[in-house]
Amino acid sequence: MTADTIAGTAQHDEVLEPRGRTAFAVRAGETVRIVDLDGQQVADFVCFAREDPAEKLSVHNTALIQGTIYISAGHRLLSDRCRALMTITQDTCGKHDLFAGSCSEGTNRFRYGIADTPNCRANLERALAPFGIPLREIPYSFNVFMNVPIEPDGRISIREPISKPGDYIDLRAETDLIVGISNCPQERNPCNAFKPTRLRVVVYRAGEGR
Ligand SMILES: [Zn+2]
């Protein structure tokens with residue numbers, strides 16, 4: 001099933017332009033679908049418990065408790081209190097990252113010697129400000145479609161994503177949440193194949209979109 005075939009049932013449907021961002025509330029049972037419209041584009045994804053946003057995604061608990069740094073359909077996003085916040089119900093790509101964090105003013109300055117660049121941390125800060133969530137409370141992200149292989153000897157590298165146009169991931173909310181997404185603006189390494197492009201974000205009501 002493609003996103004287009006079920007667009008009529010969506011209650012939230014937006015296209016994030018290259019370097020764009022969004023944040024919104026979802027209820028338990030709703031599904032957030034992130035579609036890589038043009039291929040090879042990373043979404044930096046975070047979420048918070050709506051009733052108490054101090055409880056938030058923990059990429060560390062997500063990896064440690066499930067025993068893998070490579071999550072896909074059937075895996076969950078766990079909070080810093082080790083509660084399941086979301087479940088991945090569908091995944092047409094299968095290659096995502098829990099390890100690499102988010103690009104920031106600091107990492108871009110350190111690695112590339114440039115200041116005032118668009119970056120995911122700033123994107124998430126701006127997107128989540130209307131929900132009263134400041135930058136210091138925003139956790140490091142689950143990076144949808146990001147390809148960061150970790151070698152047996154511990155070496156890591158950012159590679160171009162393997163996601164093709166139309167690939168998507170579905171994340172079902174297990175509790176009421178606030179979600180933040182940065183359409184990663186990085187263009188100085190292979191994260192987005194050197195060319196930031198569009199993402200589509202759709203939220204389906206419980207029981208729909210499957
Ligand atoms: Zn980024």
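The structure is a predicted model. Four strands form an open antiparallel sheet in the order 2-9-4-7, and helix 3, residues 120-128, packs on that sheet. The largest nonpolar core has 48 residues.

**The sheet**

- The strands of the open sheet follow the order 2-9-4-7, with antiparallel pairing. Strand 2 (21-26) and strand 7 (142-144) stand at the edges; each has a single partner strand, so one side of each is left without a neighbour in the sheet.
- From one strand to the next, the twist averages 25 degrees.
- Strand 2 pairs with strand 9 (residues 177-183) over six bridges, in the antiparallel sense. Within this pairing, T22 has I181 of strand 9 as its bridge partner.
- Strand 9 is also joined to strand 4 by seven bridges, and these two strands run antiparallel. Here C47 stands opposite V179 in strand 9.
- Strand 4 pairs with strand 7 over three bridges, again in the antiparallel sense. The bridge partner of A43 in strand 7 is V144.
- Strand 4 is mostly covered, as six of its seven residues are buried.

**Helix 3 on the sheet**

- Helix 3 touches strand 2, strand 4 (43-49) and strand 9, and its direction makes about 45 degrees with that of strand 2.
- The helix is mostly covered, with seven of its nine residues buried. The buried residues are C120, R121, N123, L124, E125, A127 and L128.
- These buried residues of helix 3 pack against strand 2, strand 4 and strand 9.

**The nonpolar core**

- In soluble globular proteins, nonpolar side chains tend to be buried together.
- In this model, the largest nonpolar core comprises 48 residues, and those with the most contacts inside it are I34, A43, C47, V144, L177 and V179.
- Two bridged pairs of the sheet are found among these residues: A43 has V144 as its bridge partner, and C47 stands opposite V179.
- L177, leaving aside its neighbours within four places in sequence, is in contact with A25, V26, C47, F48, A49, R50 and L85.

- T31 lies in strand 3, which spans residues 31-36. T31 is buried, because 23 other C-beta atoms lie within 10 Å, and the cut-off for a buried residue is 20 or more.
- T31 and R172 are 141 residues apart in sequence, yet their C-alpha atoms are 4.1 Å apart in space.

**Residues with positive phi**

- Most residues other than glycine have a negative phi.
- D116, although not a glycine, has a positive phi of about 55 degrees. D116 lies in the loop between helix 2 (105-112) and helix 3.
- D116 counts as exposed because it has 9 C-beta neighbours inside 10 Å, where the cut-off for an exposed residue is 12 or fewer.
- A193 also has a positive phi of about 55 degrees without being a glycine. A193 is found in the loop between strand 9 and strand 10 (199-204).
- A193 is partly exposed, with 19 other C-beta atoms within 10 Å.

Methods:
Residues numbered from 1 in each chain as written. Predicted model: local features only at pLDDT ≥ 70, side-chain atom pairs only at ≥ 80, totals over all residues. Pairing = 2+ DSSP bridges. Axes fitted to C-alpha atoms, helices over the stretch in contact; angles between N-to-C directions. Contact = placed C-beta atoms within 7 Å. Core = buried A, V, L, I, M, F, W, Y, C linked by C-beta atoms within 7 Å.
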